[in-house]
Amino acid sequence: VYCVLKDGEKQFSGGVTKDGELFCERGTTFPELMLRAVVNKCMGGGARLLYAKDEWGADLARFGFVPCGDRYVCACEDLKLPHDCKKGE
């Protein structure tokens with residue numbers, strides 16, 4: 001999985017490595033937006049495990065990840081795209 005986030009003339013990349021590690025180019029303007037894009041592309045992708053470091057500026061548990069040593073882990077089928085909408089809005 002590979003994503004490109006454009007912010008004006010700036011362009012940032014992110015995605016998943018062949019080892020299942022989520023990555024985001026250093027200096028990305030909106031890392032949580034990149035995280036959401038990568039998670040969306042990976043949802044329902046089978047039993048593959050994904051890994052992420054706590055460098056996204058977002059609570060990874062809200063996306064389905066659980067702590068595992070020095071990083072977080074989540075199976076594709078357990079990924080979530082959280083929202084902060086209140087019921088009925």
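Which residue in E6 does Pro67 stand opposite? Start there, after a few ground rules.

**Ground rules**

This is a predicted model, in which local features need pLDDT of at least 70 and side-chain atom pairs count only at pLDDT 80 or more, while totals for chains, interfaces and linings use all residues. Residues are numbered from 1 along each chain as its sequence is written, and side-chain values use heavy atoms, with hydrogens and water left out.

Colour by pLDDT, the predictor's confidence in each residue, from 0 to 100. The chain has a mean of 91, and 94% of its residues reach 70 or more. Confidence is highest in strand E5 (residues 66-68), at 97. It is lowest in strand E1 (residues 2-7), at a mean of 91. Element names come from DSSP runs, numbered from the N terminus: helices are H or I with at least four residues, strands are E with at least two.

**Stop 1**

Select Pro67 and Tyr72. Pro67 stands opposite Tyr72 in E6. Now show all of E5 and strand E6 (residues 71-75): they run antiparallel, joined by three bridges. Two strands count as paired if DSSP finds at least two bridges between them. The three strands form an open antiparallel sheet in the order E4-E6-E5. Neighbouring strands here are turned by 40° against each other on average, direction ignored.

**Stop 2**

Select E1, E2 and E3. They form an open sheet in that order, with antiparallel pairing. E1 and E3 are the edge strands, each pairing on one side only. The twist averages 15° from one strand to the next. Strand E2 (residues 10-16) pairs with E3 over three bridges. Pick out Gly14, which stands opposite Cys24 in E3. Next, display helix H1: it packs on the sheet and touches E1, E2 and E3. Its direction makes about 40° with that of E2. Such angles run from 0 to 180 degrees between N-to-C directions, with axes as lines fitted to C-alpha atoms, for helices over the stretch in contact.

**Stop 3: Thr28 and Thr29**

Zoom to the loop between strand E3 (22-24) and helix H1 (31-42), where Thr29 sits. Thr28 is in the loop between E3 and H1 too. Is Thr28 buried or exposed? Thr28 is buried, because its relative accessible area is 10%. The cut-offs are under 20% for buried, over 50% for exposed and partly exposed in between (1.4 Å probe, protein chains only). Thr29 counts as partly exposed, at 33%.

Show contacts (heavy atoms within 4.5 Å). Beyond four places in sequence, Thr28 is in contact with Leu5, Phe12 and Ser13. By that rule, Thr29 is in contact with Asp7 and Phe12. A polar contact of 3.0 Å joins the side chains of Thr29 and Asp7. (A polar contact is a pair of N or O atoms within 3.5 Å; within protein, one must be able to donate a hydrogen and the other to accept it, and residues adjacent in sequence count only if both atoms are side-chain atoms.) On Thr28, a polar side-chain atom lies 2.5 Å from the backbone oxygen of Glu25.

**Stop 4: the cysteines**

Select the sulfurs. With a disulfide taken as a pair of cysteine sulfur atoms within 2.5 Å, the count is zero. For Cys42, the nearest cysteine sulfur is that of Cys76, 5.4 Å away. Cys42 is buried, at 7% relative accessibility. For Cys74, the nearest is again that of Cys76, at 7.6 Å. Cys74 is buried, at 4%.
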